[in-house]
Amino acid sequence: MELDWSTIALEIVNFLILVWLLKRLLYKPVQDIIAQRRAAIEATLREADDKQAQAQALRTQYENRLAEWDKEKQAARETLRQEIEAERQKQMAALKDALAAELEKTRSVEERQRAETLQRLEESAVAQGARFCAKLLERLTGPDLHGRLLELLVAELEQLPEKRRAELRNGWRGQAPTVEVVSAYTLSDGQCARLQQSLDQLAGAPCRLTHREDDTLLAGVRLSAPPWHLDVNLGDELQHFAEFTHDGH
């Protein structure tokens, strides 16, 4: 077979024209479409990367917020625990003070009741002792003891110091007083005279005596010339003893 170079040349020209046409009309649009598609894909990928970065940032923010929230909860829990502990300590202190006050009050009441009971017992004992002594003295006393007590009274009057005598006279305003004489027994004439003499010397002038008997004195006498009073008798001494014992508590 014989080659036709002109045909071959035309075929080559046709092929080159075809290639140029394909490149011009087909290949370049396809490349442009591919480039646009690649750009779109890259844009999509960048957008996805941005969204992933935003999601990661949100996740980090959320985790940080959770961590802060845990810290806040822990701090709030600790604050609440401290407040509860402080309130508990306060309530315990108040309860302790209240218990101490109640114990002190109870102790004071018990001590007062014990003291009152002891005082009543002592007063009862003193009263019983006084009654016993009074009954005993009622059996032991008599005119002899009465006379000795009267002599003791006269001796005390005669032995009063001058300063005391001056005070009594000032109390009587320089006038002879009226002296009430109360005795457990009837005074004899001699006893009345002796007592009158002692009182006249004491007052510095004759005194007026009034006399009456009182068997509650048991023995002895009681003199009264206001503002002065003098007791030398068993009944008043027993009464004074009971009153002194009572006032001593």
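A disulfide is counted here when two cysteine sulfur atoms lie within 2.5 Å of each other. The structure is a predicted model, in which local features need pLDDT of at least 70 and side-chain atom pairs count only at pLDDT 80 or more, while totals for chains, interfaces and linings use all residues. Residues are numbered from 1 along each chain as its sequence is written, and side-chain values use heavy atoms, with hydrogens and water left out.

A disulfide is a covalent bond between the sulfur atoms of two cysteines. A search of the whole structure finds zero disulfides. C192 is in none, and its nearest cysteine sulfur, in C207, is 14 Å away. C207 is buried at 9%, whereas C192 is partly exposed at 31%.

Next come the helices and strands, which are DSSP runs numbered from the N terminus (helices are H or I with at least four residues, strands are E with at least two). Helix α1 covers residues 5-140 and contains K51. K51 is exposed, with a relative accessibility of 52%. From K51 to E87 is 36 residues along the chain, and their C-alpha atoms are separated by 52 Å. UniProt, in an unreviewed entry, lists residues 6-22 as "transmembrane region"; UniProt positions follow the numbering used here, feature names are shortened, and annotations may be inferred rather than shown by experiment. In the model, residues 6-22 are 100% helix and 0% strand, and the end C-alpha atoms of this stretch are 24 Å apart.

K73 lies over the face of W69, at 4.1 Å from the ring centre. For such an arrangement, NZ of Lys or CZ of Arg must be within 6 Å of the ring centre and within 35 degrees of the ring normal.

Which rings pair with each other? Rings of Phe, Tyr and Trp (its six-membered ring) pair if their centres lie within 6.5 Å, and planes under 30 degrees apart count as stacked, over 60 as edge-to-face and the rest as tilted. The whole structure holds one aromatic pair. This is W172 with W228, edge-to-face, at 5.9 Å centre to centre and 80 degrees between the planes. The pair links distant parts of the chain, 56 residues apart: W172 is in the loop between α3 (162-171) and β1 (178-183), and W228 is in strand β4 (residues 228-233). Both tryptophans, W172 and W228, are buried.

The loop between β3 and β4 contains P227. P226 and P227 are joined by a cis peptide bond, with omega about 5 degrees. Strand β3 (residues 220-225) includes S224, which is buried at 15% relative accessible area. The side chains of S224 and H229 are joined by a polar contact of 2.9 Å. A polar contact is a pair of N or O atoms within 3.5 Å; within protein, one must be able to donate a hydrogen and the other to accept it, and residues adjacent in sequence count only if both atoms are side-chain atoms. Leaving aside residues up to four places away in sequence, S224 touches T178, V179, E180 and H229, where contact means heavy atoms within 4.5 Å.

L218 lies in the loop between β2 (208-213) and β3. Phi of L218 is positive, near 70 degrees, in a residue other than glycine, and L218 is buried at 8% relative accessibility. Most residues other than glycine have a negative phi, and most peptide bonds are trans.

Methods: Buried < 20%, exposed > 50% of the residue type's maximum accessible area, 1.4 Å probe, protein only.
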